Amino acid sequence: MSERPGPAHPWPAAYGERMRQLLADARLAEASGDVPVSALVLDASGRVIGSGRNERELRHDPTAHAEVLALRAAAERTGDWRLEGCTLIVTLEPCVMCAGAILAARVPTVVFGAWDEKAGAVGSVYDVLRDRRLNHTVEVWAGVEADACAAALTTFFRSRL
């Protein structure tokens, strides 16, 4: 995509603070060989109701992305698959699978850090969350602490060379 839609900086300060916390958590995924991506779900009052980090390698599960695990935890905690009024915050732009899960859970707001030029589905390659043809659209805050999030991923992949 040539133009990335969505609100531009400045983002709410709380999103930056949460993203910095997620970056610290994402590093824990590296211990199992997973890509350092972390996510959390906040309820309408800003309380964390679900969190997850990439665990594909750890679980041997292709669906164990940070976003999916955070959504599952939030749904279990609330006792409802509808996460209306919640916010998902993640260190990397969600992929198509995760964007689908976000839409299915009816999450109204997504905040992400680094852009994913190869698999991103929130403005880079696709823009699934804001596709008006679908039954649910999402407010997106993109690029929150993007440089720090991208640096963590770059460091991880360079260490694998």
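Seven salt bridges are found in the structure. A salt bridge here is a side-chain nitrogen of Lys or Arg within 4 Å of a carboxyl oxygen of Asp or Glu. The model is predicted, so local features need pLDDT of at least 70, side-chain atom pairs count only at pLDDT 80 or more, and totals for chains, interfaces and linings use all residues. Residues are numbered from 1 along each chain as its sequence is written, and side-chain values use heavy atoms, with hydrogens and water left out.

**Stop 1**

Select Arg53 and Asp25. They form a salt bridge, with the closest N and O atoms 2.6 Å apart. Arg53 sits in strand β2 and Asp25 in helix α1, so this pair links distant parts of the chain, 28 residues apart. Helices (H or I, at least four residues) and strands (E, at least two) are DSSP runs, numbered from the N terminus. Arg53 is partly exposed, at 24% relative accessible area. On this scale, buried means under 20% relative accessible area, exposed over 50%, and partly exposed in between (1.4 Å probe, protein chains only).

Next, select Arg59 and Glu55. Their side chains meet in a salt bridge, 2.6 Å from N to O. Arg59 is partly exposed at 44%. Glu55 counts as buried at 14%.

Now pick Asp131 and Arg133. Here too the side chains meet in a salt bridge, 2.6 Å from N to O. Is Arg133 buried or exposed? Arg133 is exposed, with a relative accessible area of 74%. Asp131 is buried, at 18%.

**Stop 2: the sheet**

Switch to a cartoon view. Five strands make an open sheet in the order β2-β1-β3-β4-β5, with mixed pairing. Two strands pair if DSSP finds at least two bridges between them. Strands of a sheet pair through backbone hydrogen bonds, either parallel or antiparallel. The edges are β2 and β5, each pairing on one side only. From one strand to the next, the twist averages 15°. For such angles, axes are lines fitted to C-alpha atoms (for helices over the stretch in contact), and angles run from 0 to 180 degrees between N-to-C directions.

Select residues 38-42, strand β1. Five of its five residues are buried. Ser38, Leu40 and Leu42 point one way, while Ala39 and Val41 point the other.

β1 and β2 are antiparallel, with five bridges. Which residue of β2 is the bridge partner of Val41? Look for Gly50.

Leu40 stands opposite Ile89, and Ala39 stands opposite Val90. Strand β3 is mostly covered, with six of its six residues buried.

Strands β3 and β4 run parallel and are joined by five bridges. Find Thr87 here, which stands opposite Thr109 in β4.

**Stop 3: aromatic pairs**

There are three aromatic pairs in the structure. Select Tyr15 and Trp141. Their ring centres are 5.9 Å apart and their planes are at 65°, so the pair is edge-to-face. Tyr15 belongs to helix α1 (residues 13-29) and Trp141 to strand β5 (residues 139-141), so the pair ties together parts 126 residues apart in sequence. Tyr15 is buried, at 15% relative accessible area. Trp141 is buried, also at 15%.

Then go to Phe112 and Trp115. Their ring centres are 4.9 Å apart and their planes at 90°, so this pair is edge-to-face. Phe112 is buried at 0%, while Trp115 is partly exposed at 22%. The cut-offs are these: rings of Phe, Tyr and Trp (its six-membered ring) pair if their centres lie within 6.5 Å; planes under 30 degrees apart count as stacked, over 60 as edge-to-face and the rest as tilted.

**Stop 4**

Select residues 96-104, helix α4, and find Gly100 in it. Gly100 is partly exposed, at 32%. Gly100 and Val68 are 32 residues apart in sequence and 9.8 Å apart in space, C-alpha to C-alpha.

Stay in helix α4 for Val96. Val96 is partly exposed, at 44% relative accessibility. With Val96, they make a nonpolar surface patch of about 260 Å². Patches are made of residues with over 30% relative accessible area and no salt bridge: like charges are joined within 9 Å, nonpolar side chains (Val, Leu, Ile, Met, Phe, Trp, Tyr) within 5 Å. Accessible areas come from the Shrake-Rupley method with a 1.4 Å probe; for residues, only the protein chains shown count as cover.
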